[in-house]
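This briefing goes through selected strands, a helix, a loop residue and a chain contact. The sequence and structure come first.

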Amino acid sequence: MLPKVSHWYPTMRLKRVGIFLAALALSSLPGGCTYTVPIDPTLPRRPLVERLPVMVGVHYSEDFRSFEYRTRYDLYSPFDHTYRFPLGAASVALFDQILASLFEEVKPVDHLPPLSPKKPEISAVIQPKISAVSAEKLDLRSVTIEYEIGIYAPDGAKVASWKVEGFGRSDMELSLIKTIAGDATQKAMRDVGTRVLSSFFQDPDVKAWFDKAGATSRTRAP
Amino acid sequence: MKNAIAIALIALTVSAGCTTGVGVIEREIEGLSKLAQGESITLLPDQWLQGTSDDSNLAECVLDAMQSNAPGLRYIPHQKFRDTLFPWLEPETLPPNSQLEELLKNPLVADAVRKLDLRYIIIIKGNTVEEGKGAVLFGQAGIWGALWGKRKSRMAATLWDLKKIGPAPSVDVEAQGRYAFASAILPVLFIPAVTEGPACRELGERLVRYLKGDSVLAAESIESSPVSPETE
C-alpha cells in the first residue's frame with residue numbers, strides 16, 4: 001500500500017513545478033520589461049559666457065515637458081525590453097541652465113506671444129522643441145538629440161528659428177544598459193549646451209534682435 | 001620526471017631567448033620653460049578633445065608617473081579643468097593648437113585660467129601597433145602552433161605654455177617589445193609584451209625632468225640618439 005503514495009507524491013510535485021515554470025515563461029513572453037534611463041542634464045556651474053542684461057520669457061509646451069523617447073532592445077534576450085528616456089523633464093532642466101547663463105533674467109510664460117501689455121519688460125520669448133531623437137540599436141551606447149529653438153518677439157512675430165543637434169557616446173564598461181544609455185544622453189545634452197552657449201548670438205537675426213532690444217551682445221566666441 | 005625537467009629547461013631556454021626589453025625613442029623636444037613654484041599643469045587626453053572617446057587611461061598613467069617622480073607637482077584634474085572652461089574646451093568649440101591665443105583672448109577664459117595658476121596644458125596622445133607571425137590551430141588534439149611578433153606603443157605629449165603663446169613643443173616616446181607564444185597540445189611558452197606601461201612611465205619621467213628645467217639634458221639626448229636604440 002505504501003509504495004503507491006511514494007510514487008504519486010514526486011510525480012505531482014514535478015507536474016506542479018512544470019506548470020509553474022510554463023506559466024512564468026508565458027507571462028514573460030508578451031510583456032518583457034520597461035526600464036527608465038536615468039538622465040542627469042546638469043551642466044558645469046557658471047559657464048564662461050557673459051549674460052545679456054535683458055529679460056526673456058521661456059515657453060515649455062506640455063508636449064515638450066512630457067516628451068519621452070522609447071526604444072526596444074532585444075539583442076541578448078528572447079524577450080523585448082523597452083527603454084524609456086524621460087527627455088522632457090531633463091530638457092526643461094537643461095534649457096533652464098542654458099538660458100540662465102545667457103540672460104540676466106528668465107521668466108516662464110504659459111503661452112507663446114503675443115504677450116499681455118503687462119509684461120513689456122520681456123524682450124523675447126524662447127521656445128525649445130525636441131525635433132528628433134535616436135539611439136544606437138546595438139547597445140544604446142550612442143544617443144543623438146535634435147532640438148529646434150524658436151525665438152519670438154513680444155508681439156508674436158518670429159525672430160529666428162534654428163536646429164541644434166547634440167551627440168553623446170558612452171565609453172562605460174560593465175554597466176547596465178540603462179546606465180550606459182543615460183551616460184550617452186547626458187553627453188548629448190552637454191553637447192547641446194555647448195553648441196547653444198557658444199553660438200547663440202552668432203545668428204545674425206538673433207544678434208540684430210537683441211541689439212535692437214537695447215542690449216549689446218558681449219558674448220564672445222573664442 | 002626526467003622528461004618533465006627536460007621540457008621545463010627547454011621552455012626556460014626558449015623564454016630567455018625571446019625576452020625583450022623596452023626601448024625608448026625621443027623624437028623631439030624644444031622650447032620648454034621651467035615650471036615656477038606655485039604653477040600647475042593639467043593633462044588632457046587627445047581622444048577627449050577630438051570627441052572620439054572618453055578614455056583617459058593614458059593620461060592617468062602619465063600623470064601617475066609624473067607624480068611619483070615629482071610628488072609636489074601641482075595638478076588640476078582634467079575633468080575639473082574642462083568643467084571650469086565650459087563651454088570652450090569641448091570637441092565642438094576647442095580651437096586647434098595654433099589658435100590657443102584666440103581661446104585666451106576671451107577675457108572670461110583668461111580670467112579662469114589665471115585663477116588656476118595654470119602654466120601648461122599637456123595633451124597626451126598614444127597608440128599601440130602589433131606585427132605578428134605564425135599560426136595556432138585548436139582541435140581535439142590540443143593547441144598546436146606558435147605566434148611571435150613585435151609590439152610598439154608610441155606616446156606623445158604636446159605642451160601648451162600659457163605664458164608663452166606660440167608653437168607648442170612636443171615630446172614623443174616609443175616603447176617596443178617582442179611577444180611569443182608556443183603550444184604543443186598545451187601552451188608551453190607565453191611571453192607577453194607590455195609596452196604601454198613603460199612608454200607612459202618614460203614619458204612621465206621625461207616631462208618631469210623638462211618641467212624642472214633639465215632642458216640641457218634633453219638637448220643632449222636628442223643629439224646622441226635621434227633614432228631609437230632598442231634596449232634589451
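Chain A holds an open sheet of three strands in the order β1-β4-β3, with mixed pairing. The model is predicted. The points below begin with this sheet, then turn to the other elements.

**Sheet of chain A**
- The edge positions are taken by β1 (33-36) and β3 (69-73) of chain A; each has a single partner strand, so one side of each lacks a neighbour in the sheet.
- From one strand to the next, the twist averages 25 degrees.
- Four bridges link β1(A) to β4 (residues 81-85) of chain A, and the two strands pair in the parallel sense.
- Within β4(A), A:R84 is the residue opposite A:T36.

**Helix α3 of chain A**
- Helix α3(A) spans residues 87-102, which makes 16 residues.
- From the first C-alpha to the last, α3(A) reaches 22 Å, close to the 22 Å expected at 1.5 Å a residue.
- The buried residues in α3(A) are A:L87, A:A90, A:S91, A:L94, A:F95, A:I98, A:S101 and A:L102.
- These residues lie on the same side of α3(A), because they cover an arc of only 125 degrees around the axis.

**Loop residue A:L115**
- A:L115 sits in the loop between β5 (103-108) and β6 (122-135) of chain A.
- With 18 other C-beta atoms within 10 Å, A:L115 is partly exposed; the cut-off for a buried residue is 20 or more.
- Leaving aside residues up to four places away in sequence, A:L115 touches A:V109, A:I122 and A:P154.
- A:W209 is 94 residues apart from A:L115 along the chain, and their C-alpha atoms are separated by 17 Å.

**Strands of chain B**
- Strand β1 (residues 40-45) of chain B pairs in the parallel sense with β2 (residues 118-139) of chain B, over six bridges.
- In that pair of strands, B:I41 is opposite B:Y120 of β2(B).
- β2(B) also runs antiparallel to β3 (residues 142-161) of chain B, and 20 bridges join them.
- One of the bridges pairs B:I122 with B:L159 in β3(B).

**Contact between the chains**
- On the chain A side, 14 residues are in contact with 19 residues of chain B.
- The chain A residues that touch chain B comprise six nonpolar, three polar and five charged.

Methods. Residues are numbered from 1 along each chain as its sequence is written. Chains are lettered from A and ligands numbered from 1 in the order in which they are written. This is a predicted model: local features need pLDDT of at least 70, side-chain atom pairs count only at pLDDT 80 or more; totals for chains, interfaces and linings use all residues. The expected span of a helix is 1.5 Å times one less than its number of residues. A residue is buried if 20 or more other C-beta atoms lie within 10 Å of its own, exposed if 12 or fewer, and partly exposed in between; C-beta atoms are placed from the backbone. The arc is that of the directions from the helix axis to the C-beta atoms. Two residues are in contact if their C-beta atoms, placed from the backbone, lie within 7 Å. Ala, Val, Leu, Ile, Met, Phe, Trp, Tyr, Cys and Pro count as nonpolar, Asp, Glu, Lys and Arg as charged, and the others, Gly among them, as polar. Two strands pair if DSSP finds at least two bridges between them. Axes are lines fitted to C-alpha atoms, for helices over the stretch in contact, and angles run from 0 to 180 degrees between N-to-C directions.
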